[in-house]
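Here's a quick briefing to read alongside the model. Keep the 3D view open and look up each piece as it comes along.

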Amino acid sequence: MSPRYLELVCPAGTPAALRAAVDAGADTVYCGFRDCTNARNYPGLNFDPDELREGIGYAHERGRHVLVAINTFPRAGDQGPWQRAVDEAAAAGADAVILADLGVLDYATRRHPGLRRHLSVQASAANAPSIAFYREHFGIRRVVLPRVLSIAEVAALVEETGVETEVFAFGSVGPMSEGRCFLSSYLTGLSPTSEGACAPASHVAYVERNGEVLSRLGTTTLNRFAPGEPAAYPTPCKGRYVTLGRASYLFEEPVGLNALGFLPELKAAGVTALKIEGRQRSRAYVSQVVGTFRAALDALARGEPPPAAALTGETEGGRETAGAYRRGWR
Amino acid sequence: MSARPPVRLTLGPLLYHWPAQRRRDFYLRVADEAPVDVVYVGEVVCSKRESVFAPWRDSVIERLQAAGKEVVLSTLALVTTAREVEAIEEELARGLLIEANDVACLKVLAGRPHVVGPYINVFNEGARDFVLARGALRIVLPVEMPARSIGTVAAGGAAGFEVQVFGRQPLSIAMRCYHARAHNRTKDHCQLVCGLDPDGMTASTVDGADVLTINGTQTLTHGHGVLLGEAAALVEAGVTHLRLSPQDLDMVAVARLYREMLDGRRDLPSAIEALRALTGPVPFVNGFVHGREGLAWVPPA
Amino acid sequence: MERSEPPLALLRSAATVLPPAILNRLAAAVVRGLERTRPKLIANFAQLPAAVVVVAPTDLPYRFALSVGRRPVALRIVDGDPGPADAGVSGDVATLIDLVEGRIDGDSLFFRRDLVISGDTAVVVGLRNVLDREELSVAGELGALCGPLRPQARAVARALDRALDGLGRRLAAMHRTLHPPGDRPPDVAAEIDRCRGEIAALTARLAALEARQKRRDERDA
């Protein structure tokens, strides 16, 4: 087998999606527990400890890895679930935990020194001193970089920090510094940072008015669509706002990130792993996106150009972007 | 407990981009007239703004110190270069207390006295104990924290705990500049267009509700966070410092009325009425501290 | 991947003509069968917050009301007012089958706009997530439901599906000739008679199948 080109890290919101990801060629799968300890705490999603153990078994039998995201910030007076999640992940044989909170990192470092720790994108470490700080105090082995850096900036970080980097290759684009964004709780009262659900579906509503559809989060209108117009998931940062008398996607357009077109550049930047976003998405999404990236990485590893592939059906708003990787995004 | 020292009023860092002259005049008036104990200076939002005020900064700090204020230098909330962290080391050498607003700053501050700012997530006892063990003297708690969590965190440790009780509440920070975007400019060629809006730029929904305030790379609430009715309970729960965040209005008057109310020289209804007179049509919000959506206003009981 | 084979297709075809009473027996049989073959699916439905979801296929005269978040999980088929519901999903049958079989995810649900979600969106997202936990193929479920009668069930289902496709094409043609201005007068009555005949035959086979299944269920119990 040729040396690995880039590690392919794939989402699993359910045990079925974990198997789909492994079968489609994921090197590594990440998942979370069925509670507020992970940043995709949506109804019906995620793993109980038994399912996690079975999932890890399925992956390990096939030589793949499983990471457990415990990447929200515990509420004061209620750190138990987060500490238990770290303990459960260790007991289930997870290959690493993905953490963000200083207290949870501290706990995992002291209680499970042998368990590999990755720094979640929720910790929003976008610069060398932060990464150095987390490595120094918590021995983090890998950092998941925020989706706001250019390829040149990623390369500089790899060079400066010497820590493995995992970058987003496919999925939604988050323009805000993650883990420190209170827009959703401002509109709903539920905090993505501690409850793990940005724009919780319980607060999302679609209202038809005069032949148009309004998307609302809490009592706030985020967008207005004409019939058939592409829509984004109604998070506050994908809403349409009026400034200076003009309505626009002030923060981010309804587009999805797709790095398939410039994988060699990410490889050259020294990136270790590619992350596919979307634990809230379906098995079908997982199979299709993972399969497409697997084929591309295998071709590149053989020195061949990746096969042409279209994934626009899977992206937000049906449109793709290179996000911050290319100049001009800011 | 009668041993508790009186609560300190602080003036948070100016988040908006004001012309240098105006910024200087503001701080000189604060030095002379505002009944605040602590003044935070420094640029939190955008490194491109820093050089504008740099020539006046040191003299302002001296005047504030001469007036008996504790001066704290706030860092950027989103550090992007190692140089920005090195600059912190230089400030440390000059003996300034630093408010760290990005974990990057803790890299150089760990082991030395410092303030942990509201842009670093300290939501629980574990995170609190970690930063206190590394030299934090005081923690400014995130605006999203409900009163019960504030009480749990502030109950432990000999440190100070600070909560913002006046001014638009910061909601997010980004690499992207939304002021530039709204003006169809790139961040690299923004010409500091954020300077046009000394009180930020209002963003409304497509059906006409004012909901957010844009301040360069930062997004804030549209309404002023007003925790007048909650201040006494916060102090009772262990909060030692109350922060007033500068807005484009008479901040000296705001500081006076908070001080008067905290000292028992003014009752709550009168304080709210006086504050309404100063803030004009901008609504009040206090949902976060009540564990509700941040844009809610829970009137004092 | 297998696509929209039998059971829902069967429901789709049956629902076009069958009276609600028969449909409801079939729906109850589906839930009973799933209790046995997919206990985790039913357990996960029961674990969701209590809610009634009304699924309204835009190309059928009936709606489905699914009660989750309590035991027993129940599926009703209604042709009138479905009563109070916490959430609604509507879209054409093909799209709804995609949803059941996990081809549409929680995000695409909103991007695609070919599904209309009303009421409590969280209920619909939860429902979708629970469905996605199972590798459901509607064809397989009907087969499993019928146990040893699997091959026969498949045969019936395939026959139904073929009939249905033909029926669908004819109905579409009828629709085209009925609605937009056309100069050929449609032979609607003859067309409807043909459809009735086919459906009556299929219904008889379905009833026989159901009776066999019922006997089997009783024997098992």
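Two strands count as paired if DSSP finds at least two bridges between them, and strands (E, at least two residues) and helices (H or I, at least four) are DSSP runs numbered from the N terminus. You're looking at a predicted model, where local features need pLDDT of at least 70, side-chain atom pairs count only at pLDDT 80 or more, and totals for chains, interfaces and linings use all residues. Residues are numbered from 1 along each chain as its sequence is written, while chains are lettered from A and ligands numbered from 1 in the order in which they are written.

**The sheet in chain C**

- Strand 1 (residues 51-57) and strand 2 (residues 63-68) of chain C run antiparallel as a pair, joined by five bridges.
- Across that pairing, Ala51(C) sits opposite Val68(C) of strand 2 of chain C.
- Zoom out and you get an open sheet of five strands in chain C, ordered 3-2-1-4-5, with mixed pairing.
- Strand 3 (74-78) and strand 5 (116-119) of chain C are at the edges with a single partner strand each, so one side of each has no neighbour in the sheet.
- On average, neighbouring strands here are turned by 20 degrees against each other, direction ignored.
- Helix 6 (residues 121-133) of chain C packs on this sheet, touching strand 1, strand 2, strand 4 (87-91) and strand 5 of chain C. Here, contact means that C-beta atoms, placed from the backbone, lie within 7 Å.
- The direction of helix 6 of chain C makes about 80 degrees with that of strand 1 of chain C. Such angles run from 0 to 180 degrees between N-to-C directions, and axes are lines fitted to C-alpha atoms, for helices over the stretch in contact.

**Two helices in chain A**

- Helix 3 (residues 80-92) and helix 4 (residues 102-111) of chain A pack at about 40 degrees, with axes 10 Å apart.
- That makes helix 3 of chain A oblique to helix 4 of chain A (under 35 degrees is roughly parallel, over 145 roughly antiparallel, 65 to 115 roughly perpendicular, and the rest oblique).
- Who meets whom? Trp82(A), Gln83(A) and Val86(A) from helix 3 of chain A meet Val104(A), Tyr107(A), Ala108(A) and Arg111(A) from helix 4 of chain A.
- The residues of this contact split into five nonpolar, one polar and one charged (Ala, Val, Leu, Ile, Met, Phe, Trp, Tyr, Cys and Pro are nonpolar, Asp, Glu, Lys and Arg charged, and the others, Gly among them, polar).

**A hairpin and a cis bond**

- Strand 8 (residues 204-209) and strand 9 (residues 212-217) of chain A pair antiparallel over six bridges, and Glu208(A) faces Val213(A) in strand 9 of chain A.
- Two residues lie between the strands of this hairpin, and Asn210(A), in the loop there, has a positive phi of about 50 degrees despite not being a glycine.
- Over in chain C, the peptide bond from Arg71(C) to Pro72(C) is cis, with omega near -10 degrees; Pro72(C) is in the loop between strand 2 and strand 3 of chain C.
- Most residues other than glycine have a negative phi, and most peptide bonds are trans.

**Where chains A and B touch**

- In this contact, 55 residues of chain B touch 53 residues of chain A.
- Helix 5 (residues 125-133) of chain B gives the largest share of chain B's side, five residues.
- Strand 11 (residues 241-243) of chain A also pairs antiparallel with strand 8 (residues 201-205) of chain B over two bridges, with Val242(A) opposite Ser204(B).

Conventions: Contact = placed C-beta atoms within 7 Å.
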